[in-house]
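Please examine the sequence and the three-dimensional structure shown here. A short report follows the display.

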Amino acid sequence: ENFYLILEYIEGHPLSEELVSNTRWTEEQVIEFLQDILPVIKVVHQNNVIHRDIKPSNLIRRSCDNKIVLIDFGAVKEISTLDNPQLERTRTVNIGTSGYMAPEQFHGCPEFCSDIYSIGIICIQALTGLPPQDFLQYIQNNIWRSIPDRPLVKVSNRLTAILNKMVFYDFNKRYKDVAKILHDLKARNPWIWLGTIGIIAGCAIAIFGHKILTPKTCSLVQGDSLSCGEESLLQYSTPRLKKRGVDEFAKSNYREAFNFFKRSWNQEVHKDPETLIYMNNALLKANRIEYHTIAIAIPVKKNEQEQFDIDLAKEILRGVAQAQTEFNLKLLNSELEPNLVGLDIQKEQTIKGKGLQVIIADDANVKEESIARANSLVKIPDILGVIGHYTNKITTYTVDIYNQNNLVLISSGSTTEEITENPRKFFFRTVPSTKVSVKVFVKYLIGQQGQTKIAGFYNPASESTSSFWEEFQRQFKERGGSVANITEFDISKNDFDVKKAIEEVGATGKTTIVLNPSHDGKSLENAIALFQANLNRNWVVGTGGLYSPKTLEAASKLPSFEKLAVAVSWHHLNSPNQNFPADTRKLWAGNVSHRTALTYDAAKTLIKAIEEQQSTRKGMQKTIASPNFSASGATGTIQFETTGDRKNFQPKLVHIVKCNKEQFGVTFVPIEFPTAAAAGLQCE
């Protein structure tokens, strides 16, 4: 005898996940949003209902077609008196959400145009990247486009006028119904009207309308953290020639852009992979050559504190830049190859005369921004595959967005078991999984070094580092080892006590220190400090994050450092494909890391899949997942298990040896080489 409400479940995510602080939409994104939501509001109002609580968290972007669905009608107000002008309008409780609530609604007298006000506020929030409380004081003076100490909002005067009329303080001056707004939008640009056809006719028609509206490649909008050449994502201060190239690309002057990128490559930033990618893209467009498109998501901003790691981003980008250049060389040999100093690599066969364009996205290694980038990438239908995301946590946040939109995602850095324990059809990775990496460590420690006890140092707030340590303990105990009880183990803490940690390890006897720093905050810094404070007393093993110049710098200050082993997926001295390290030295004027090699392999996987099918998203997945699929990369043959994990591939261990010619007088070499001389290095 209870009363129940059964609500439809909407598969998707709330718009609040896209409207994060300092993330700004383009004008076309706002128009597309209005085009989605206004016909819905029209239906609501035609039924004499005011929603009264339209806000980002009550708008769900539906997974099946990326359309906006309005939810939570718990605050609706039925206006029955509108049908009878003789009846007096009654006041009501001011239900709604501060910031999005119209003034008359706040005073208990909602109108149909109160919902229009809320939608206008959301649009201005999307364009400014600010929450409503930070711009409300500017909207009534029509100066929200030029808020002090904020970048100017790039939006046409026509759309500005529409939004201003939606958010007038006086509701009598506001749009009275959404039909007029839709009319004005249509007048602004008639082609966008096509997307409103069949808005409520189901996913199939909605997807059709969405594809009509979606740009096939880059929108050439600066500031959206997506670029195929119209902005530099790697640094705030862009060198002069590269900046000229970016500006010309943004104006669609592709020949001029190519010439500036070419000069920048040869004269400015030392072997900059972003410049090489943009040079490829500009030349394809300048010559009007058809092309296939892939994308790569990189973490430029490391965390919410705006800390930048340009070197990591460049390591990742080098792999895709090299694969793209190899692909385009045969097609663009007369112009591209002579201008790449030192480049003499094997030319790939082009696919039916088409080139390869690469779009770069910055996920910032931040949840909200990575979700926004993923949602932007899946809406560009020409993208056949995405390389990324790099870190475990960001890949976990975004993998389902790609999977639900049938877009292949290949990660070159995410090792977490969380994704492949619940396999996603469209996810693959070129890097070994956590289980495989741990197996290599355990075999080495117990089988070769006779180590029987371990102590783990990691970030307990990180799912990936925690699961790594759990897996390490499990496999180590299965082989007869034991785990020391350490209280000072959280290397992510700002006040991590290195001295206390070393004392605790020392008290447990012959114990191996297992270091697994995350990509955030203090983890790597504390891990290296712990390695240095150990003074080569106990064995130290660590994951790929320790494969860093910072570790080499720390080792150079120690009298000895033999008891260190770091797992990496590739090293140039024992590369299965010896052509690759030779080519990288010519292209990048030096050796590259495993991060470059694994990204190169991801790009080669996508290229091979494009070669073997008809360039559709579902065709890409079907090809790569086939048991007969095989691609050749830096790390050898690339094949995948049904889970998306790499097949028959495991990391290699490296250690540090002295070599006077290197930057810090030391370098990493595969562990089978006891000295630099044994590895064939000339160090004197």
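The report below moves from the whole chain to selected local features.

## Basis of the description

This is a predicted model, in which local features need pLDDT of at least 70 and side-chain atom pairs count only at pLDDT 80 or more, while totals for chains, interfaces and linings use all residues. Residues are numbered from 1 along each chain as its sequence is written, and side-chain values use heavy atoms, with hydrogens and water left out.

## The chain as a whole

The protein chain contains 22 helices and 20 strands. Helices (H or I, at least four residues) and strands (E, at least two) are DSSP runs, numbered from the N terminus. Of the 684 residues in the chain, 58% are buried; buried means under 20% relative accessible area, exposed over 50%, and partly exposed in between (1.4 Å probe, protein chains only).

Contact means heavy atoms within 4.5 Å. Among contacts between residues at least 6 apart in sequence, 65% join residues at least 24 apart. The chain exposes about 28900 Å², and carbon and sulfur atoms supply 49% of this area. Accessible areas come from the Shrake-Rupley method with a 1.4 Å probe; for residues, only the protein chains shown count as cover.

Phe3 is placed in the segment before strand S1 (12–14). With a relative accessible area of 72%, Phe3 is exposed. Together with Leu5 and Leu7, Phe3 forms a nonpolar patch on the surface, and the three have about 450 Å² of accessible area together.

Helix H1 covers residues 27–46, 20 residues in number, and reaches 28 Å from its first C-alpha to its last, close to the 28 Å expected at 1.5 Å a residue. The expected span is 1.5 Å times one less than the number of residues. Because 15 of the 20 residues of H1 are buried, this helix is largely enclosed by the rest of the structure. H1 is followed by Asn48, whose phi is positive, near 60°.

Strand S9 (residues 383–387) pairs with S10 in the parallel sense over 3 bridges; two strands pair if DSSP finds at least two bridges between them. Ile387 stands opposite Ile410 in S10. Strand S10 (residues 408–411) is covered on both faces: Val408 and Ile410 on one side, and Leu409 and Ser411 on the other, are all buried.

Most residues other than glycine have a negative phi, and most peptide bonds are trans. A cis peptide bond, with omega about -15°, joins Gly388 and His389. His389 lies in the loop between S9 and helix H13 (392–404). Asn365 has a positive phi near 55° and is found in the loop between strand S8 (355–362) and helix H12 (367–378). Asn365 is buried, with a relative accessible area of 3%.

## The seven-stranded sheet

An open sheet of 7 strands has mixed pairing and the order S13-S12-S14-S15-S16-S19-S20. Strand S13 (482–483) and strand S20 (666–670) stand at the edges, each with a single partner strand, so one side of each is left without a neighbour in the sheet. S15 and strand S16 (residues 564–568) run parallel and are joined by 3 bridges. Val541 stands opposite Ala565 in S16.

Leu535 is placed in the loop between helix H18 (523–534) and strand S15 (540–542). Its phi is positive, near 55°, and Leu535 counts as partly exposed at 47% relative accessibility.

Methods:
Patch = residues over 30% accessible without salt bridge, like charges linked within 9 Å, V, L, I, M, F, W, Y side chains within 5 Å. Salt bridge = Lys/Arg side-chain N within 4 Å of Asp/Glu carboxyl O.
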